[in-house]
Amino acid sequence: FFDENSSNEERWAPGYSLIKEDYKFLLERILEDKSLAILFKPKKPQTIFKRLDRMKNLLDQALATKRCHFFIADNTTMPPSIASCLSDLSIHNSVVAPTAGIESILGGTTTFYMDHDNWNMSRLYQYGKDRFVFNDWNKLWDSVEEFFKKGNKNLDNYYSEKFLNELDPFRDGKAVYRIGEYLSDLLNGFDQGMGKEENLEVAAYNYSKRWGDIMIEKLK
C-alpha cells in the first residue's frame, strides 16, 4: 500500500482523518483474513505513526500478527517499483499524484488506485474506472478478492496495450541504458564545444538511430 502522505490542514490536502480511513480499512482486513499480509510504504515514514496515533490499539493488533510491515527507515532509497515487487498486488491512494502506482505497474505488479478526490480528469480514468481505479474501498476490495480468487496476475487483465504503451512503449528493462547513452552523448557534445541546440539535436539523432523514433516525435 502506497500512502501519498496527509496533512493536519484538511482544507488544502488529504487530511489525517482520510488517511486513517485507509489504514483502518486495511488493518481490519489483516485481522480478518489470516492469509493476507500487507506491506505499507508511506511517502513520509518519519510521521506515519504520529498520524496514526489515535488508532494505536488496532495498529498494535495488526503488527502482532507478523503480517503487517512498514517501510520506515528514514534513509531508505527503495523505489516504489522495488517495494511492489515484494507483493502480488499494490494499492496507491492517490490519482492526483499517481507516480508510485505507475512505477509499480511498470515494474510488473498489478496496481489498483483508491481515488478519494474523484479526480476524473486523470487519464487513468480513461482506461481503468472501476477496473483499476476506484472511489470506494468496498468496491476496490471486491476486485482484490477477485484478483486472488482467479490467481491470474497478468497485467493484461487490467491494463490495455494502449495504456501500457502510453506509460512506456519499450517495457524492456533497458531504460537505464537509454538514459545513460543519451546523457553520455550530451556530455560528449559539450566536450566538443557544441552549442545547446546542436547538442540536443545530435543526441536525439543518435538516440533514434539506436532505439528508433519512439518518443522523439512526441518531444517535437
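**Side-chain contacts and exposure in a predicted model**

Asp3 and Arg51 form a salt bridge in which the closest N and O atoms are 3.2 Å apart; the term covers a side-chain nitrogen of Lys or Arg within 4 Å of a carboxyl oxygen of Asp or Glu. The pair links distant parts of the chain, with Asp3 in strand E1 (residues 2–3) and Arg51 in helix H2 (residues 48–51), 48 residues apart. The model is predicted, so local features need pLDDT of at least 70 and side-chain atom pairs count only at pLDDT 80 or more, while totals for chains, interfaces and linings use all residues. Residues are numbered from 1 along each chain as its sequence is written, and side-chain values use heavy atoms, with hydrogens and water left out.

**Salt bridges**

- A search of the whole structure gives 12 salt bridges.
- Helices (H or I, at least four residues) and strands (E, at least two) are DSSP runs, numbered from the N terminus.
- Glu28 and Lys24 form a salt bridge with the closest N and O atoms 2.7 Å apart.
- Glu28 and Lys24 both belong to helix H1 and are four residues apart, about one turn of the helix.
- Glu28 is partly exposed at a relative accessible area of 24%, and Lys24 is partly exposed at 43%.
- Asp185 forms a salt bridge with Arg210, where the closest N and O atoms are 2.9 Å apart.
- This pair links distant parts of the chain: Asp185 is in helix H9 (residues 175–191) and Arg210 in helix H10 (residues 196–211), 25 residues apart.
- Asp185 is buried, with 13% relative accessible area, whereas Arg210 is partly exposed at 41% relative accessibility.
- Salt bridges link Glu181, Asp185 and Arg210 in a network.

**Aromatic rings**

- Rings of Phe, Tyr and Trp (its six-membered ring) count as a pair if their centres lie within 6.5 Å; planes under 30 degrees apart are stacked, over 60 edge-to-face, and the rest tilted.
- The count by this rule is 18 aromatic pairs.
- One of the pairs is Tyr23 with Phe70, which is stacked at 6.1 Å centre to centre and 15° between the planes.
- Because Tyr23 lies in helix H1 (residues 16–32) and Phe70 in strand E3 (residues 68–70), the pair ties together parts that are 47 residues apart in sequence.
- Tyr23 and Phe70 are both buried.
- A cluster linked by ring pairs holds Phe1, Tyr23, Phe25, Phe40, Phe49, Phe70, Trp137 and Trp141.

**Charges over rings**

- A charge sits over a ring if NZ of Lys or CZ of Arg is within 6 Å of the ring centre and within 35 degrees of the ring normal.
- Arg29 places its charged end over the ring of Phe25, 4.3 Å from the ring centre.
- Arg178 has its charged end over the ring of Phe170, 3.7 Å from the ring centre.

**Nonpolar surface patch**

- Val96, Trp119 and Met121 make up a nonpolar patch on the surface, and their accessible area together is about 310 Å².
- Patches are made of residues with over 30% relative accessible area and no salt bridge, where like charges are joined within 9 Å and nonpolar side chains (Val, Leu, Ile, Met, Phe, Trp, Tyr) within 5 Å.
- Accessible areas come from the Shrake-Rupley method with a 1.4 Å probe; for residues, only the protein chains shown count as cover.
- Met121 lies in the loop between strand E5 (110–114) and helix H6 (124–128), and Met121 is exposed with a relative accessible area of 61%.

**Cysteines**

- Zero disulfides are found in a search of the whole structure, a disulfide being a pair of cysteine sulfur atoms within 2.5 Å.
- Cys68 is buried at 9% relative accessibility, while Cys85 is partly exposed at 48%.

**Backbone and position**

- Lys66, a residue other than glycine, has a positive phi near 65°.
- Lys66 is in the loop between helix H3 (56–64) and E3 and is exposed at 74% relative accessibility.
- Asp130, also a residue other than glycine, has a positive phi near 60°.
- Asp130 is in the loop between H6 and strand E6 (133–134) and is partly exposed, with a relative accessible area of 43%.
- Gly180 is in helix H9 and is partly exposed at 36% relative accessible area.
- Gly180 and Ile38 are 35 Å apart in space, C-alpha to C-alpha, and 142 residues apart in sequence.

Definitions and conventions: Buried means under 20% relative accessible area, exposed over 50%, partly exposed in between (1.4 Å probe, protein chains only).
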